[in-house]
Amino acid sequence: GLVKTPLYKVMSAALNQLNSLINKIDNKMASESKENETESIKILMSGNPLLDISSPVDDAFMKKYGIEPASAILAEDKHLPMY
């Protein structure tokens, strides 16, 4: 079956990979610009990742989490138990 991974672990792994990539780029830029003596710049962008969930649930579940049919929401702490 499918292994369910908590959202915070997925996000943590993604941020770790992003940090590793930023460090590689920073190291490459630093080695290429040594003769120019310029400072390297790190940019981190973060946002709301999109996650589509389709699951049969009853009206009580929808009401509990404040979800409307055929709508989109930004995940909040109150939604964590859904995952």
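**Note on the predicted model**

1. The protein chain holds two helices and zero strands, where helices (H or I, at least four residues) and strands (E, at least two) are DSSP runs, numbered from the N terminus. This is a predicted model, in which local features need pLDDT of at least 70 and side-chain atom pairs count only at pLDDT 80 or more, while totals for chains, interfaces and linings use all residues. Residues are numbered from 1 along each chain as its sequence is written, and side-chain values use heavy atoms, with hydrogens and water left out.

2. On burial, 8% of the 83 residues of the protein chain count as buried; buried means under 20% relative accessible area, exposed means over 50%, and partly exposed is in between (1.4 Å probe, protein chains only). The accessible surface of the protein chain comes to about 7,900 Å², and 57% of this belongs to carbon and sulfur atoms. Such areas come from the Shrake-Rupley method with a 1.4 Å probe, and for residues only the protein chains shown count as cover.

3. The count of aromatic pairs comes to one. Phe61 and Tyr65 form this pair, which is tilted, with 4.8 Å centre to centre and 55° between the planes. By the rule used, rings of Phe, Tyr and Trp (its six-membered ring) pair if their centres lie within 6.5 Å, and planes under 30 degrees apart count as stacked, over 60 as edge-to-face and the rest as tilted. Phe61 is partly exposed at 27% relative accessibility, whereas Tyr65 is buried at 6%.

4. His79 sits in the segment after α2 and is buried, with a relative accessible area of 2%. When its neighbours within four places in sequence are left aside, His79 is in contact (heavy atoms within 4.5 Å) with Tyr65, Ile73 and Leu74.

5. Leu80 also has its place in the segment after α2, but Leu80 is partly exposed, with a relative accessible area of 48%. Together with Leu51, Ile53 and Tyr83, Leu80 forms a nonpolar patch on the surface, with about 390 Å² of accessible area in total. Patches are made of residues with over 30% relative accessible area and no salt bridge, with like charges joined within 9 Å and nonpolar side chains (Val, Leu, Ile, Met, Phe, Trp, Tyr) within 5 Å; a salt bridge is a side-chain nitrogen of Lys or Arg within 4 Å of a carboxyl oxygen of Asp or Glu.

6. Ala70 lies in the segment after α2 (59-64) and has a phi near 55°, a positive value in a residue other than glycine. Most residues other than glycine have a negative phi. Ala70 is exposed, with a relative accessible area of 91%.
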